[in-house]
Amino acid sequence: MKTSSLLVAALIAASSPRGSVAASGASAVPVANNVVPTAIRRRRRRHRVVPAEAAALSAKGRRAGSLPLAAPFGTTSHDSLAPRGGGDPDDDATATSSPPLAVLALSGAVAAVVGDAVLHPIDCIKTLQQSGEGAGLSMAGAAGKIFERYGAGGFFRGMWTYATSDSLGCALKMMAYESLKTGAKKYVPSDFMGPALFLCAALSFIAMSIIAVPGELLKSLLQTGKVSSVPSGISSIVKEEGVFGLYRGYSGVCLRDVPYTMFELGLYDNLKRVYLDFKKR
C-alpha cells in the first residue's frame with residue numbers, strides 16, 4: 001500500500017513542471033550554494049596574500065636586492081637607472097643625495113677653523129724661521145724667541161685673521177668644487193671624468209685664492225710684528241702698493257696650492273671612482 005502510494009506520488013511529481021523544478025531545486029540548491037562556493041573560497045584562500053605579509057615580503061626583497069626598481073612606462077629597469085651625461089649610476093645617486101651647498105660651505109669653514117687653530121703655533125714658528133730675523137734658528141730656538149717676546153699668546157698672533165679668511169676661502173672652495181663636479185658629471189663623457197675632476201679641483205682653489213691670499217699675507221705680517229692689526233695692515237699695503245698689493249706673492253701661492261688642491265680633491269674622487277668601478281665587477 002505504501003509502495004503504490006509512493007509510486008503514484010512519484011508519477012504525479014514527474015508529470016508536473018513545478019514538481020520537477022522543486023524536486024531538482026531541492027537537490028541542486030545545496031550543491032550550488034554550499035559545495036561550489038566552498039571550493040572557490042578554498043582556492044582563493046590559498047592564493048591570497050595578506051597586506052602585512054606583502055609589505056614584509058617587499059621589504060625583505062629590497063634588503064636582499066632581489067626586487068628591481070620600478071621603471072617608467074616604455075623603458076626597462078636598466079634604462080631607468082642609466083645615468084645622464086658621462087657619470088655612472090653610483091655617481092648619479094651620490095650627486096642627487098649630496099647635501100645642499102650651504103651645508104658643504106659650512107662644513108669646509110668649520111674644518112678650516114679647527115685645523116688653523118690646532119696648527120697655528122707651528123705655523124708661527126715656521127714663519128719666524130723663514131724670516132731674516134729667525135734665520136738659522138731651530139724650532140726650539142724659534143719657539144723660545146716667540147715666547148720671550150710675546151708670551152704664550154705669541155703662538156696665536158694673526159690666527160683669527162687667517163682663520164677668518166681661510167674659513168671663507170674653504171667654504172668658497174667646497175661650493176665651487178661640488179658645483180663644478182656636478183656639472184662635469186652631466187656633460188663630460190665617462191672616459192674624461194678623471195682629468196675633469198682634477199680641473200674642477202684646480203678651479204676651486206682659484207676661486208678660494210681671491211680671499212685666501214690676502215688673508216695669508218696679513219697673517220704673515222702679524223706673525224712677524226710688521227703690522228699691529230688687520231686694519232692698519234690693509235691701509236698700509238693699499239697706500240704703498242695699491243689694492244693689488246694685497247695679492248703680493250699670488251703666483252707663488254697658486255704654484256704651491258693649485259697642485260696641492262688637485263691632489264687633495266681630484267685624487268680623492270678619482271680613487272673613489274676606481275673603487276666603485278672595481279666593486280661593480
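This is a predicted model: local features need pLDDT of at least 70, side-chain atom pairs count only at pLDDT 80 or more; totals for chains, interfaces and linings use all residues.
Let me begin with a definition: a residue is called buried when its relative accessible area is under 20%, exposed when it is over 50%, and partly exposed in between, using a 1.4 Å probe and protein chains only. By that rule Pro100, with a relative accessible area of 53%, is exposed, and its place is in the loop between α5 (89-96) and α6.

Residues are numbered from 1 along each chain as its sequence is written, and side-chain values use heavy atoms, with hydrogens and water left out.

Now to the overall build. The protein chain has 11 helices and 0 strands, where helices (H or I, at least four residues) and strands (E, at least two) are DSSP runs numbered from the N terminus. Of its 281 residues, 30% count as buried. The chain exposes about 18300 Å², and carbon and sulfur atoms supply 68% of that area, as computed by the Shrake-Rupley method with a 1.4 Å probe, where for residues only the protein chains shown count as cover. If we take contacts, meaning heavy atoms within 4.5 Å, and keep those with a separation of 6 or more, then residues 24 or more positions apart account for 68% of them.

Two pairs illustrate separation along the chain. The C-alpha atoms of Pro100 and Met175 are 75 residues apart along the chain and separated by 9.3 Å. Thr182, which lies in helix α8, counts as partly exposed because its relative accessibility is 31%, and its C-alpha atom is 9.9 Å from that of Cys200, 18 residues apart along the chain.

What does the UniProt record place at residues 192-213? The unreviewed entry gives the feature "transmembrane region" there; UniProt positions are in the numbering used here, feature names are shortened, and annotations may be inferred rather than shown by experiment. In the model, that span is 95% helix and 0% strand, and its end C-alpha atoms lie 31 Å apart.

Next, the empty spaces. Rolling a probe the size of a water molecule over the atoms shows where empty space is left. On a 1 Å grid over the protein atoms alone, a cavity is a set of points where a 1.4 Å probe fits but cannot get out, and a pocket is an open set with protein on both sides within 12 Å along at least five of seven lines, while lining residues have an atom within 4 Å of a point. Grid points are joined across faces, edges and corners, and a volume is the space filled by probe spheres set on the points.

The largest pocket holds about 740 Å³ and is lined by 28 residues, with Asp116, Tyr162, Asp166, Arg256 and Tyr260 nearest its centre. Which helix gives the most to this lining? That is α6, with 10 residues.

There are also 2 cavities of 30 Å³ or more, and the largest cavity has about 120 Å³ of space. Its lining includes Cys124, Lys145 and Tyr150, and α7 gives the most to it, with 4 residues.

Finally, the cysteines. Cys124 is buried, because its relative accessible area is 4%, and Cys254 is also buried, at 13%. A search of the whole structure for disulfides, meaning pairs of cysteine sulfur atoms within 2.5 Å, finds 0.
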